[in-house]
Amino acid sequence: MTAALRDGDPPEGGWTTDDLDALPDDGRRRELLDGVLLVSPSPTRLHQTIAMRLGVALEEACPAEYDVTQAVEVRLNRTRSFIPDVLVTTAEAAAGNPAHYAPHEVVLAVEIVSPSTRSIDRVLKPALYAQAGIPYLWRVEVEDDAIVVYTHRIDPVDEVYTETGRWTKVVDTGEPFPVNLPISRITPRGR
């Protein structure tokens, strides 16, 4: 382990995914943005409950050629690595039980917006996921005590996402596979 990893200073030239591999598995959520290490606070109960319920609902609708999981790292390149809250990958990629995925193995990335990561979840991650070629993105927001799910599809020519839906009652989409999901199903108790 390098001195930079021991004392927390960035390595010369910035952090890489190799440096992430050398860090202890201590439960901290570490992501990389162009060699800068981002450490997020622990998610809230609301955030985690939405992620859990959404993951279960997607798993039930998911065809055999895909796999649904939560909070597994996606390495966009050597200096960019993010952890979507929920993701759908190819079943082939999931079969190896990986610690991280390449962007071409991810079909859908889902970000649940937290107050401390609003700009990252709304602007930065969508731009970089699209640039990496991830076909679909969902963004889940709690607005006025209600859950809203925004669905997006990539425009591969311009490498940007276009909104395909804004769902407040039922997520009813055929992408990346048919989903008919009442928002009440992902709403935590007491909401």
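This is a predicted model: local features need pLDDT of at least 70, side-chain atom pairs count only at pLDDT 80 or more; totals for chains, interfaces and linings use all residues.
I looked up the largest pocket, and I noted a volume of about 510 Å³. Its lining has 17 residues, of which D25, R28, R30, E73 and I83 are the closest to its centre. I then checked which elements give two or more residues to this lining, and found α2 (17-22), β1 (29-33) and β4 (73-77). By type, the lining of the largest pocket divides into 7 nonpolar, 2 polar and 8 charged residues.

For the second largest pocket I recorded about 250 Å³ of space. It is lined by 20 residues, and S40, P41, S114, S116 and T117 are the closest to its centre. Two or more lining residues come from each of β1, β2 (36-40), β8 (106-112) and α5 (118-132). I counted this lining as 7 nonpolar, 7 polar and 6 charged residues.

**Salt bridges**

My search of the whole structure found 13 salt bridges. One of them joins D21 and R75, with the closest N and O atoms 2.4 Å apart; D21 sits in helix α2 and R75 in strand β4, 54 residues apart. D21 counts as partly exposed because its relative accessibility is 49%, whereas R75, at 12%, counts as buried.

I also looked at R185 and E60, whose side chains meet in a salt bridge at 2.6 Å, N to O. R185 lies in the segment after β13 (179-182) and E60 in helix α3 (residues 45-61), 125 residues apart.

Lastly, I noted a salt bridge between E111 and K125, at 3.4 Å between the closest N and O atoms. Both E111 and K125 are buried, and salt bridges with shared partners join E31, E111, D121 and K125 into one network.

Conventions
Residues are numbered from 1 along each chain as its sequence is written. Side-chain values use heavy atoms; hydrogens and water are left out. On a 1 Å grid over the protein atoms alone, a cavity is a set of points where a 1.4 Å probe fits but cannot get out, and a pocket is an open set with protein on both sides within 12 Å along at least five of seven lines; lining residues have an atom within 4 Å of a point. Grid points are joined across faces, edges and corners, and a volume is the space filled by probe spheres set on the points. Helices (H or I, at least four residues) and strands (E, at least two) are DSSP runs, numbered from the N terminus. Ala, Val, Leu, Ile, Met, Phe, Trp, Tyr, Cys and Pro count as nonpolar, Asp, Glu, Lys and Arg as charged, and the others, Gly among them, as polar. A salt bridge is a side-chain nitrogen of Lys or Arg within 4 Å of a carboxyl oxygen of Asp or Glu. Buried means under 20% relative accessible area, exposed over 50%, partly exposed in between (1.4 Å probe, protein chains only).
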